[in-house]
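Please open the structure in your viewer and keep the selection tool at hand.

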Amino acid sequence: MSHLIRVSGLHKSYGPLHVLKGIDMTVEPGEVVCVIGPSGSGKSTLLNCLNFLEPYGPGEVWIDGVLVGYEKKPDGSMVKVADHKLNATRTAIGIVFQQFNLFPHLSVTENIIEAPVRVRKIPAQQARDKARELLAKVGLADKASAYPSQLSGGQQQRVAIARALAMEPKVMLFDEVTSALDPELVGEVLGVMKGLARDGMTMFVVTHEMAFAREVADRVVFMADGEIVEQGPPSEIFGNPRSERLRNFLGRFRG
Amino acid sequence: MDFQWDIFVEAIPALLGGAWLTIQLTIISVAIGLMLGLIVALGRVSANPVTSKLAAAYTTAMRGIPLLVTLMFLYYGLPSAGLQLSAFTVAVIALAVTNAAYVAEIIRAGIQSIDRGQMRAARSLGMSYGLAMRRIILPQVVRRVLPPITNESITLLKNTALVSTIALSELLRSGLEVMTWKANTFSPFAGVALIYLMMTLPMIWFVSRLEKRYAIP
């Protein structure tokens, strides 16, 4: 079985602060994995390590058979990979951020076609056609020529999803994508994500939306203090939590 | 007061000749200063500690040395080391390298004012650092730094007056020449001041237009 994501013995420190303490996990093609856990548990850091936005070490991250960020020398040592190789790896990994991070000086369409045209060298017209398709998919066909500042948070986040999809990634990473949204805008973004999951996209979703995780995830991973404490199907995690820490965490959501 | 209308009018052609040199000095020095300033700013924000420190040293030094001293050094000091440059070349170099230091600081601050998420998003889409800088970061920086850069350019234009000390007949020196020639002080300098103002006003107007044009809707 070839894993789409394979993380083994992953550590990450910020100076003396040990954020990830040996993470082992895999994600299979087509799987939707939701990562839950208290703030500071390292779940966003884990996500950022997956495409080397945060350099990690020691440990290994493999995406679709490619070691991310490093090259293994014959003697087993790891050296940082050349920038252009890392860029190529990153095109296979879409990320949607908590703060949307749309490019404010570019229109919605320009946001979406920028990387396909400049990085993947797709003809502009073809990229535009694809952008129109993606905008329809996220329900924003009428916003093609709008600028990010003219959109609501929920609309911006849906554009950000379309922008990531335009690179035709093998896996999509979602980093607390609804946390910066007004409550009434959360639903439209989660709706788009549900559609993606139905279409068979491999998704790695860091989230505080328990209802979403329960409904959409194939597997839920619970992290605390830089470790994976428990993982399993949502029915197990939410219905029959084994660890004390998970019970406490879920208890806070039931309020 | 010795203002005389006829001397004022008679001085105009000579002053305009000087103003033309001032304009040439300004355009060339601003152009070189912008390019050099951008390079220094990119060096300053680079992850490489050597280029970053070199760039920091440059901006600190060039902002700490008076322009007049740089001019004197290049014009009178360098020939003793065997390097004789024309007054015009010296003027352009001194104005440009000084301007570049201020421009670099403005652009650096501009780059650092752009949300870190912009670079992260660009890199996550597979863009290289250079491509992300050129396509995503710098276009946003341009909009933010346009007003302070124009102010720096206006300062440079006014600083060209210092070049009068190395025998270049730019606007101020043309005024001084008229003063000697006509034995009248008030009239030529009234003209000099007026022409400087006429040159700076369009720049101020120009930037307000650019700001409107590049405004992010």
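Begin with the second largest pocket, which holds about 420 Å³ of space. Please bear in mind throughout that the model is predicted.

To find this pocket, select B:L34, B:L146, B:I149, B:T150 and B:S153, which lie nearest its centre among the 18 residues of the lining. Next, display α1 (5-45), α6 and α8 (186-213) of chain B, each of which supplies at least two residues of the lining of the second largest pocket. Which of these helices gives the most to the lining? It is α6(B), with eight residues. Colouring the lining by class shows 15 nonpolar and three polar residues, and no charged ones.

Select B:R116, B:M119, B:R120, B:R123 and B:Y129, the closest to its centre of the 24 residues that line the largest pocket. Here α2 (83-90) of chain A joins α4 (87-113), α5 (116-124) and α6 (129-159) of chain B, and each supplies at least two residues of the lining. The largest share, four residues, comes from α5(B). By class, the lining of the largest pocket has 13 nonpolar, three polar and eight charged residues.

For one of them, select A:F52 and A:Y70: their arrangement is edge-to-face, with 5.2 Å centre to centre and 85° between the planes. A:F52 lies in the loop between α1 (43-50) and β4 (60-63) of chain A, and A:Y70 lies in strand β6 (residues 70-72) of chain A, so the pair ties together parts 18 residues apart in sequence.

Another pair is found at A:F222 and A:F249, which is tilted, with 5.3 Å centre to centre and 40° between the planes. This pair links distant parts of the chain, 27 residues apart: A:F222 is in strand β11 (residues 219-224) and A:F249 in helix α9 (residues 244-254), both of chain A. A:F222 and A:F249 are both buried.

Finally, look for charges over rings. Select A:K12 and A:Y14: the charged end of A:K12 sits over the ring of A:Y14, 4.8 Å from its centre. Then select A:R163, whose charged end sits over the ring of A:F103, 4.4 Å from the ring centre.

Terms used: Residues numbered from 1 in each chain as written. Chains lettered and ligands numbered in written order. Predicted model: local features only at pLDDT ≥ 70, side-chain atom pairs only at ≥ 80, totals over all residues. Heavy atoms only, no water. Phe/Tyr/Trp six-rings, centres within 6.5 Å; stacked < 30°, edge-to-face > 60°. Buried < 20%, exposed > 50% of the residue type's maximum accessible area, 1.4 Å probe, protein only. Lys NZ or Arg CZ within 6 Å of the ring centre and 35° of its normal. 1 Å grid on protein atoms, 1.4 Å probe; cavity = no way out; pocket = protein on both sides within 12 Å on 5 of 7 lines; lining within 4 Å. Nonpolar A, V, L, I, M, F, W, Y, C, P; charged D, E, K, R; others polar. Points joined across faces, edges and corners; volume = space filled by probe spheres on them.
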